[in-house]
Amino acid sequence: MSDRIYNVLFLCTHNSARSIMAEALLNHLGAGRFQAFSAGSEGGPGPRPMALKVLQAEGIPTDGLSSKTWDVFAQPGAPVMDLVITVCDQAAGEACPLWPGQPITAHWGIEDPSDVQGSEIERERAFVTALRYLRNRINVLLSLPVVSLDEMALARQLRKIGELEGASAGRPERA
């Protein structure tokens, strides 16, 4: 068994909901095998309160979560990413920075729960659903024998994960 820790960057446009939830989930469930980060193409005012609420309701730590732009991770001295995963179609279609180390990329598009209008319960349900879809994807990632897969096989598996239940309707041209 390898002691290697894989760095994973989850990307969204504003880094306020899906990417934040994915970061928190993988750090919580990854048992030290993965170190997750999140960022946005534009960044945002901070994590959505509803995203933090549903994470906390599941017992997932939210300390230290913040919105930031993806430029932070393209700078010299930034952690080198092994995997870069977009979780929104808009960010997946944008021109990303050149990531040091040429990480494997994949797209796990999930509809934005922040777009749901309605009662507090309906909005919360959207965030709970997004969290469930992210948890399913992350559990599949955690079940992969990452250490023994070559880069192409890992990339293929990561892309298949993005096709699981809850995949957003809009498919980016590239991931």
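The crossing of α1 and α4 is right-handed. Keep in mind that you're looking at a predicted model. To describe a pair of packed helices, you give the angle between their axes and the distance between those axes. Here, helix α1 covers residues 18-29 and helix α4 covers residues 120-143; their axes come within 10 Å and cross at roughly 45 degrees. That angle makes α1 oblique to α4.

So who's touching whom? On the α1 side you'll find Arg18, Met21, Ala22, Leu25, Leu26 and Leu29. They meet Phe127, Ala130, Leu131, Leu134, Arg135, Ile138, Asn139, Leu141 and Leu142 in α4. Sort the residues of this contact by type and you get twelve nonpolar, one polar and two charged.

Now hop over to strand β1, residues 6-12, and look for Asn7. Asn7 has a relative accessible area of 16%, and because anything under 20% counts as buried, Asn7 is buried. A polar atom of its side chain sits 2.9 Å from the backbone oxygen of Val80. Leaving out residues up to four places away in sequence, Asn7 touches Gln35, Phe37, Pro79, Val80, Met81, Asp82 and Leu83.

Asp82 leads us on to Trp99: the two are 17 residues apart in sequence, and their C-alpha atoms are 9.6 Å apart in space. You'll spot Trp99 in the loop between α3 (89-92) and β4 (104-107).

Conventions:
Residues numbered from 1 in each chain as written. Predicted model: local features only at pLDDT ≥ 70, side-chain atom pairs only at ≥ 80, totals over all residues. Heavy atoms only, no water. Axes fitted to C-alpha atoms, helices over the stretch in contact; angles between N-to-C directions. Helix = DSSP H or I, 4+ residues; strand = E, 2+ residues; numbered from the N terminus. Parallel < 35°, antiparallel > 145°, perpendicular 65-115°, else oblique. Left-handed = near helix turned anticlockwise from the far one by under 90°. Contact = heavy atoms within 4.5 Å. Nonpolar A, V, L, I, M, F, W, Y, C, P; charged D, E, K, R; others polar. Buried < 20%, exposed > 50% of the residue type's maximum accessible area, 1.4 Å probe, protein only. Polar contact = N/O pair within 3.5 Å; in protein donor to acceptor, adjacent residues only side chain to side chain.
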